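Open the model in your viewer and keep the selection tool at hand. The stops below say what to pick next and what to look for.

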Amino acid sequence: MEKLAIISDIHGNMPAYEAVMEDIRQRHVTRIFCLGDSVGKGPHSDLIVDLVRDSCEVVIMGNWDDFIGNPTNDSVLLWHQARLGRARIDYLKGLPFSFEFWMSGKFVRLFHASPRSVYERIQPWDSMETRLSMFDASDSCTEIGQADVAGYGDVHNAYLQILKSKLLFNTGSVGNPLDMTQASYAILEGHYMSKQAAAFSIQHVRVPYDIERAVQQAKDEQMPDLEAYILELRTGQYRGKKKNG
């Protein structure tokens, strides 16, 4: 049996990332996969990209990873671009869209937002038809065929649903959780790369971290859009209220 840690949406929050990585270490996790959005929102996108690249066996593309390097006049994005530098931006642009594998006889597909796009936002309360579509493949996926288990990030709401004998889960967010004010990630346990049916489990983990240290780091770096970021960290409420990001 192996334990796989699935992390997502770190968003430049170093204290949250450090707390999650320490929790992962204590649990003797075998492999770490990242579902994108290491960057943006928080002050340390550059450092997080480097750490994720070193510590994660698999890193896939998120929506922030895709657009953060695009030409822009937006002062917030320009600030993040300047800190990231061209080499990191090129690395983010080259990340794969999805990752598929077998575990304990289940075909698992991981992606950032949906199997079709890094920008398609799917919430746990969306229609049954929409949620069932998360098990489908698209031309963007590496493998064809429906998944038995689909995992993603993007919406910053951790959940697990069983839909017509298939498992849909969201990791929640490490650095910008919008359901409760603790860092979130998931652990998959089973026989990695095995098509033989065996025990399989998914666990959500919530990790407290020093939110005020994260706030102070953002202040120290004179990060733009500061108040909106602080509101999200302290309350778990999205700045846009009607949708998560």
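Select Glu-100 and Arg-109. Both are buried, where buried means under 20% relative accessible area, exposed over 50%, and partly exposed in between (1.4 Å probe, protein chains only). Their side chains meet in a salt bridge, 3.0 Å from N to O. A salt bridge here is a side-chain nitrogen of Lys or Arg within 4 Å of a carboxyl oxygen of Asp or Glu. The count under that rule is 18 salt bridges.

A word on the model before moving on. This is a predicted model: local features need pLDDT of at least 70, side-chain atom pairs count only at pLDDT 80 or more, and totals for chains, interfaces and linings use all residues. Residues are numbered from 1 along each chain as its sequence is written, and side-chain values use heavy atoms, with hydrogens and water left out.

Next, pick Asp-23 and Arg-27. Their side chains form a salt bridge at 2.6 Å, N to O. Asp-23 is buried, at 16% relative accessible area. Arg-27 is partly exposed, at 28%.

Now go to Glu-232 and color its partner, Arg-239. The closest N and O atoms of this salt bridge are 3.0 Å apart. Buried or exposed: which is Glu-232? Glu-232 is buried, with 1% relative accessibility. Arg-239 is partly exposed, at 30%. Together with Glu-232 and Arg-239, they are linked in a network of salt bridges.

Last stop: the cysteines. How many disulfides are there? The count is zero, a disulfide being a pair of cysteine sulfur atoms within 2.5 Å. Select Cys-34. Cys-34 is in no disulfide, and the nearest cysteine sulfur, on Cys-56, is 5.1 Å away. Cys-34 is buried, at 0% relative accessibility. Now select Cys-56. Cys-56 is in no disulfide either. Cys-56 is buried as well, at 8% relative accessibility.
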